[in-house]
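Please look at the sequence and the model before reading on.

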Amino acid sequence: MFDKILIANRGEIALRVLRACKELGISTVAVHSTADADAMHVRLADESVCIGPPPAKDSYLNIPALLTACEITGADAVHPGYGFLAENARFAEILAEHDVHFIGPRPEHIRLMGDKIAAKHAARELGIPTVPGSQGGIGSDEEAHRLAREIGFPVMLKAAAGGGGRGMKVVRAENELASALATARAEAKASFDDDTIYLEKYLDRPRHIEIQVLGDGKGRAIHLGERDCSLQRRHQKVWEEGPSPALNSAARDQICETVAKAMREIKYLGAGTVEFLYEDGKFNFIEMNTRIQVEHPVTEMITDIDLIVEQIRVAAGNDLALAQGDVKFHGHAIECRINAENPVSFRPSPGKIIHYHPPGGLGVRIDSAVYHGYAIPPFYDSLVGKLIVHGKTRSECLMRLKRALDEFVVDGIETTLPLFRALASETEIIDGDYHIHWLEEFLARGALEQ
Ligand code: ADP
């Protein structure tokens, strides 16, 4: 096992990793920018190193500074959390070159899944169902027209190097295709320095369903069920739950087993998530994330498995301690990502929290790094914290969620708590009857402005 882990992240995920390390008896090193000197992960870690000024590119993305921090502290492994360098294959390689373990998949898998076209191709080869569309990048405009006609409008243009909900364009009719392609290419070049675009069928009202996997890199891999992340705004997940209200056990078992088998085949190492759009009873692979995800607590609540602990164990070369049969699902969990934003305009609202009272009680979990008097800096994401609630059934979970949301007090800044309070009382949410555009349609009706 590792002796000392450097956590190359900040905020709630840094704290989450730190907690797992403490329970495993592993020493921790926090890194921070000058803006995060008072952050909770810095206070709770055994050691801390300042790695640069506030902009992420100068601190949390600063590989030389992180390497120096490993060297100064003698850390033998790095946990990247999510975001920042979590899916940077080169970072994993550089660490290996310096005899530091990267807690995550092998670089070749990070690279493969980071290239969306290669990932789709690999998925197809592994027997995972994919969204109908181009086999690779689109060459000529003529090819795009032919393919779009073949699969039918609307279609979606996606940047091969896109991510985080960026680099996607819906094209509703043929006469919009040529100009959309030109803009998509130019935008992709500007944002990702790669103008490769691919085309796929635009699914009208799918659900976003993702499968959590865990592998030991030696051919053992299991699934930990699914999460439904259909409630999104601008392709960003807002509310996640598991199990999905849309799946029956036959559909669930089939997709989960297909994915687990694929992970065994590629000898996947670490935690990962295989994402699908689910429509008309069909799963359509969109991408795989080769890291821990923001919404991982949903799975932890319904399986009682600590995903970060398992990530650390397999990264240290241990065999997967769990067989598929050891994973027992119980009850229902919902996660709300509470942001420091105006709940109507979604304008960021960084600043000082003058009063903070998180909810508690049975089945209520808060993953947050904020505290009374903490000032949310303007430089990073606007997450205040994640409220995760568990219940024996979905309806118990929803009742508990409402109760927890009512207890939650965050004063001094604006938060999206009112949005979640409204969602928890919406009939279609209560019925589990929603899709990936539901939230934007709900917001467009001005439901929160009254
Ligand atoms: P990113 O890596 O940027 O998160 P994804 O490929 O995972 O991109 O897609 C993010 C979200 O975009 C999906 O959850 C879904 O809401 C929407 N999306 C992606 N592909 C399609 C598609 N073919 N049809 C409709 N919506 C899509």
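Helix α1 passes helix α11 in a right-handed crossing; a crossing is right-handed if the near helix is turned clockwise from the far one by less than a right angle, and left-handed if anticlockwise. Helices here are DSSP runs of H or I with at least four residues, strands are runs of E with at least two, and both are numbered from the N terminus. The model is predicted: local features need pLDDT of at least 70, side-chain atom pairs count only at pLDDT 80 or more, and totals for chains, interfaces and linings use all residues. Residues are numbered from 1 along each chain as its sequence is written, and side-chain values use heavy atoms, with hydrogens and water left out.

**Two helix pairs**

The table gives the axes, which are lines fitted to C-alpha atoms over the stretch in contact, and the angles, which run from 0 to 180 degrees between N-to-C directions.

| Helix pair | Axes come within | Crossing angle |
|---|---|---|
| α1 (residues 11–24) and α11 (residues 307–315) | 9 Å | roughly 65 degrees |
| α4 (residues 89–97) and α5 (residues 107–114) | 8 Å | roughly 170 degrees |

The crossing angle makes α4 roughly antiparallel to α5, a term for angles over 145 degrees, while 65 to 115 degrees counts as roughly perpendicular. Helices α1 and α11 are therefore roughly perpendicular to each other.

Contact means heavy atoms within 4.5 Å. In α1, R16, V17, A20, C21 and L24 meet L307, I308, V309, I312 and R313 of α11. This contact has eight nonpolar, no polar and two charged residues. Nonpolar covers Ala, Val, Leu, Ile, Met, Phe, Trp, Tyr, Cys and Pro; charged covers Asp, Glu, Lys and Arg; the others, Gly among them, are polar.

In the other pair, A89, R90, A92 and E93 of α4 meet P107, I110 and R111 of α5. Here the contact has four nonpolar, no polar and three charged residues.

**The sheet**

Eight strands form an open sheet in the order β13-β12-β9-β10-β11-β14-β19-β17, with antiparallel pairing. Two strands pair if DSSP finds at least two bridges between them. At the edges are β13 (282–289) and β17 (364–367), each pairing on one side only. From one strand to the next, the twist averages 25 degrees.

Within the sheet, six bridges join β9 (residues 207–216) to the antiparallel β10 (residues 221–233). I209 stands opposite D228 in β10.

Helix α9 (residues 249–265) packs on the sheet and touches β9, β10, β12 and β13; its direction makes about 120 degrees with that of β10. Helix α10 (residues 296–303) also packs on the sheet, and its direction makes about 25 degrees with that of β19.

Methods:
Parallel < 35°, antiparallel > 145°, perpendicular 65-115°, else oblique.
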